[in-house]
Amino acid sequence: MAALAVARGPAGSADKEDVNITFEDQQKINKFARQTSKMTEIEDEIKNKKKELQNLQDAADELELADEDESVPFRVGEVFVYQSSEEALKLVEENKLELEGDVATLNKEVDSIKEILSQLKVQLYAKFGNNINLEMEDE
């Protein structure tokens with residue numbers, strides 16, 4: 001999460017200056033916080049989808065090794081349905097394509113949010129300088 005505090009400088013601080021925060025400035029700071037939070041959530045979703053993609057790839061590799069006549073359980077929602085390995089492989093590939101599309105869409109959304117954040121950073125740092133910290137904290 002980004003640190004979003006505007007330092008008003010303690011009484012003995014010489015390097016910090018007192019800065020007035022207008023309503024518009026507060027709106028920009030709030031928008032920055034919301035967008036940062038949204039980006040973090042989307043990045044977590046991307047990470048989960050990539051794990052799921054890896055699991056599907058592993059399943060596809062296993063299904064390629066199975067006999068074509070062999071029936072294998074395939075999860076549909078919360079239920080397992082027996083399919084031929086060939087049909088299950090086709091369904092796994094369809095699921096992979098869908099997930100890859102989802103990941104691409106989420107990546108575009110993250111890029112869009114990063115653009116918004118960079119614009120807000122420029123505006124906020126121009127006004128507040130070193131009195132505001134908008135950098136992401138490493139966990």
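The model is predicted. The chain has 139 residues, and 25% of them are buried. Its secondary structure consists of two helices and two strands, which follow the order α-β-β-α from the N terminus.

**Overall fold and surface**

- Helix α1 covers residues 23-65, strand β1 covers 71-76, and helix α2 covers 85-128.
- Counting contacts between residues at least 6 apart in sequence, 68% link residues at least 24 apart.
- The chain has an accessible surface of about 9700 Å². Carbon and sulfur atoms account for 48% of that surface.

**Nonpolar core**

- The largest nonpolar core contains 26 residues. The members that touch the most others are Ile42, Ile46, Leu63, Val92, Leu124, Phe128 and Ile132.
- Two or more residues of this core come from each of α1, β1 and α2.
- Helix α2 gives the largest share of the core, with twelve residues.
- Val92, one of the core members with the most contacts to other members, is in contact with Leu56, Ala60, Leu63 and Phe74 once neighbours within four places in sequence are left aside.

**Largest pocket**

- The volume of the largest pocket is about 460 Å³. Its lining is made up of 18 residues, and those closest to the pocket centre are Leu56, Phe74, Arg75, Val92 and Asn95.
- Helix α1, strand β1 and helix α2 each contribute at least two lining residues. The largest share belongs to α1, which supplies seven.
- By residue class, the lining has ten nonpolar, two polar and six charged residues.
- Val92 belongs both to the pocket lining and to the largest nonpolar core. Two of its contact partners, Leu56 and Phe74, are also among the lining residues closest to the pocket centre.

- Gln35 is in helix α1. Gln35 counts as buried because its relative accessible area is 15%, and the cut-off for buried is under 20%.
- Beyond neighbours within four places in sequence, Gln35 is in contact with Ile113, Ile116 and Leu117.
- Gln35 and Ile116 lie 81 residues apart along the chain, and their C-alpha atoms are separated by 8.0 Å.
- Val110 is in helix α2. Val110 is also buried, with a relative accessible area of 4%.
- With neighbours within four places in sequence left aside, the contacts of Val110 are Met39, Ile42, Glu43 and Ile46. Two of these, Ile42 and Ile46, are among the core residues that touch the most other members.
- The C-alpha atoms of Val110 and Gln35 are 9.6 Å apart, while the two residues are separated by 75 residues along the chain.

- Asn48 is in helix α1. Asn48 counts as partly exposed because its relative accessibility is 48%, and the partly exposed class runs between the 20% cut-off for buried and the 50% cut-off for exposed.
- Asn48 and Val103 are 55 residues apart in sequence, and the distance between their C-alpha atoms is 9.8 Å.
- Pro73 is in strand β1. Pro73 is partly exposed as well, at a relative accessible area of 47%.
- Not counting residues up to four places away in sequence, Pro73 touches Phe80, Val81 and Tyr82.
- Pro73 and Ser85 are twelve residues apart along the chain, with a C-alpha separation of 8.9 Å.

Note on methods:
Residues numbered from 1 in each chain as written. Predicted model: local features only at pLDDT ≥ 70, side-chain atom pairs only at ≥ 80, totals over all residues. Heavy atoms only, no water. 1 Å grid on protein atoms, 1.4 Å probe; cavity = no way out; pocket = protein on both sides within 12 Å on 5 of 7 lines; lining within 4 Å. Points joined across faces, edges and corners; volume = space filled by probe spheres on them. Helix = DSSP H or I, 4+ residues; strand = E, 2+ residues; numbered from the N terminus. Nonpolar A, V, L, I, M, F, W, Y, C, P; charged D, E, K, R; others polar. Core = buried A, V, L, I, M, F, W, Y, C linked by side-chain atoms within 4.5 Å. Buried < 20%, exposed > 50% of the residue type's maximum accessible area, 1.4 Å probe, protein only. Contact = heavy atoms within 4.5 Å. Areas by Shrake-Rupley, 256 points an atom, 1.4 Å probe, with all protein chains shown as cover.
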